[in-house]
Amino acid sequence: MAFQQGLSGLNSSSKALDVISNNVANASTVGFKASSTLFSDMYASAMVGGTSSLQVGIGSKVAAVWQSFTQGNLTATSNQLDMAINGNGFFRLQRSDGTIAYSRNGQFDVNKDGYIINSSGDKLTGYAVVDNTGTSTVFAGEPSVIYIDTSNVAPRESGTASVGVNLNSSEKSPLNQDPVGSDITAYVNATSIPVDSYNYTTSITVYDSLGNASLMSLYFVRDADVAGVSPNTWTVYGRLSNDVVPDPTDPATNIGTPLEELGQISFTPFGVLDTTVANNGTFTISRTAAEIGTGADALSFSLDLTKSSQWNSSFGVTTSPRTDGYTTGALTGVSVSSTGVLQGSYSNGLTKDIAQLALATFASPQGLASLGDNLWAESYDSGQPTVGAPGTGILGSVTSGQVEESNVDLTNELVQMIVQQRNYQANAQSIRTQDQVLQTLVNLR
């Protein structure tokens, strides 16, 4: 019996060394999960003499090889499409045969067809965008392969524009200055406007239906100090750089861009917008297609100056210029948020939600079937996957530009290698000892 016991010990130690060697070999494999060997003892089915007190085991066997799905360290990379899961969950991948596999290896890139793939060509899956018209994008539906559209985004005509400024309360009207400044209304069709005809100027860019940028220059003129005029009122003038003003004597020649009086903006004695004045600080600018002169459709947008103030401090832009329009843009990069939202960055400054990753968890990850290439497949022992977006339920968050290292502890593996080597030697010695005992019996005369 000792031969069988020793042989089973050799087999068990050999299997354990195989597992340890595989762990060591994958110490640098991204997303790899270390395995450990579980042993159990063996007994004959019949008990000697009918009592268990005399029962002797017949050796050991490998009961199971379990993988440890503990978190590995995260390492930064230079690829924004590299991703690491911080917590539970697996990336969900569609293989070339249409089957679904799962992985912790987040090394991804975009192939020539616009799909996000791993090194084996398996495609990453996620949720498609179903609504992006509100303040937040809505993702829904069944997970499908993520496709990145690399075509240019169409331009969007400006519908709103806004900017906030502080107008110095101590500033005088150009017509009350010493020496007296110019009257800005005399330069409606001029190529340039004298600096002594206005107090302050700033600009904001708007876009027409073809994506042509037009600079909206704003001129702020404090109203003249005369009877019946509020001292806290300013008149706002504007001109669009794409506007054209033909020379009356030669329609083929342009003599400048027209200056338009947009309206007035009034403040209270406390320097804030006077809310008792209807539509105070809001203006509508409209241009026909002929006035734009670029071949685009007619343009109409609202200008919001309601974030402006009038305090005794220097002029300045207090709220950055903004518009909801933009020119056409080419995709320049893709990033991933902690909730797994893939966002495209475009050359026109636009960011656009493309899709959201789908992660999966299992009731028993140890029951997953290993497929190689850092992949696992669902099995009866693992249970069915629970699929959702990162950060929901027990699913972990996602970090872009990082990968999860192997969770192999080399120090522990090398120590276990020594232990199993000693076990193997001890089992070999038990076989040698049993051989010597039998040899002694055979040599009896």
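Predicted model: local features only at pLDDT ≥ 70, side-chain atom pairs only at ≥ 80, totals over all residues.
1. A polar contact, a term used several times below, is a pair of N or O atoms within 3.5 Å, where within protein one atom must be able to donate a hydrogen and the other to accept it, and where residues adjacent in sequence count only if both atoms are side-chain atoms.

2. Residues are numbered from 1 along each chain as its sequence is written, and side-chain values use heavy atoms, with hydrogens and water left out.

3. To stay with N79, this residue is found in the loop between β3 (74-76) and β4 (83-86), where helices (H or I, at least four residues) and strands (E, at least two) are DSSP runs numbered from the N terminus. Its side chain also reaches the backbone oxygen of F108 at 2.8 Å. Contact means heavy atoms within 4.5 Å, and N79 touches F108 and G401 when residues up to four places away in sequence are not counted. N79 has a relative accessible area of 24% and is therefore partly exposed, given that buried means under 20%, exposed over 50%, and partly exposed in between (1.4 Å probe, protein chains only).

4. Which side chains does the side chain of Q310 meet in polar contacts? The side chain of Q310 is joined to that of N232 at 2.9 Å, and to that of W234 at 2.7 Å. Q310 is placed in the loop between β19 (299-304) and β20 (316-323), and it counts as buried because its relative accessibility is 5%. Leaving aside neighbours within four places in sequence, the residues in contact with Q310 include N166, R222, F267 and G271.

5. A nonpolar core is a set of buried Ala, Val, Leu, Ile, Met, Phe, Trp, Tyr and Cys residues joined through side-chain atoms within 4.5 Å. The largest such core has 24 residues, and among them F220 and L305 touch the most other members. The elements that give two or more residues to this core are β11, β12 (200-207), β13, β14, β17 (260-266), β18 (282-287) and β19. Outside the four places on either side of it in sequence, F220 touches a set of residues that includes V165, L167, W234, V236 and L305. A second, separate core of 21 residues includes F108, I148, I354 and L357.

6. How many salt bridges does a search of the whole structure find? There are six, a salt bridge being a side-chain nitrogen of Lys or Arg within 4 Å of a carboxyl oxygen of Asp or Glu. One of them is formed by the side chains of D122 and R95, at 3.7 Å from N to O. D122 lies in the loop between β8 (116-117) and β9 (123-131) and R95 in the loop between β5 (90-94) and β6 (100-103), so this pair ties together parts that are 27 residues apart in sequence. D122 counts as buried because its relative accessibility is 4%, whereas R95, with a relative accessible area of 24%, is partly exposed.

7. Another salt bridge is formed by R156 and D324, whose closest N and O atoms are 4.0 Å apart. Because R156 lies in the loop between β10 (138-145) and β11 (160-166), and D324 in the loop between β20 and β21 (331-336), the pair ties together parts that are 168 residues apart in sequence. R156 is partly exposed, at 41% relative accessible area, and D324 is partly exposed as well, at 23%. Salt bridges that share partners also join K33, R104 and E404 into one network.

8. L438 is found in helix α3 and is partly exposed, with a relative accessible area of 35%.
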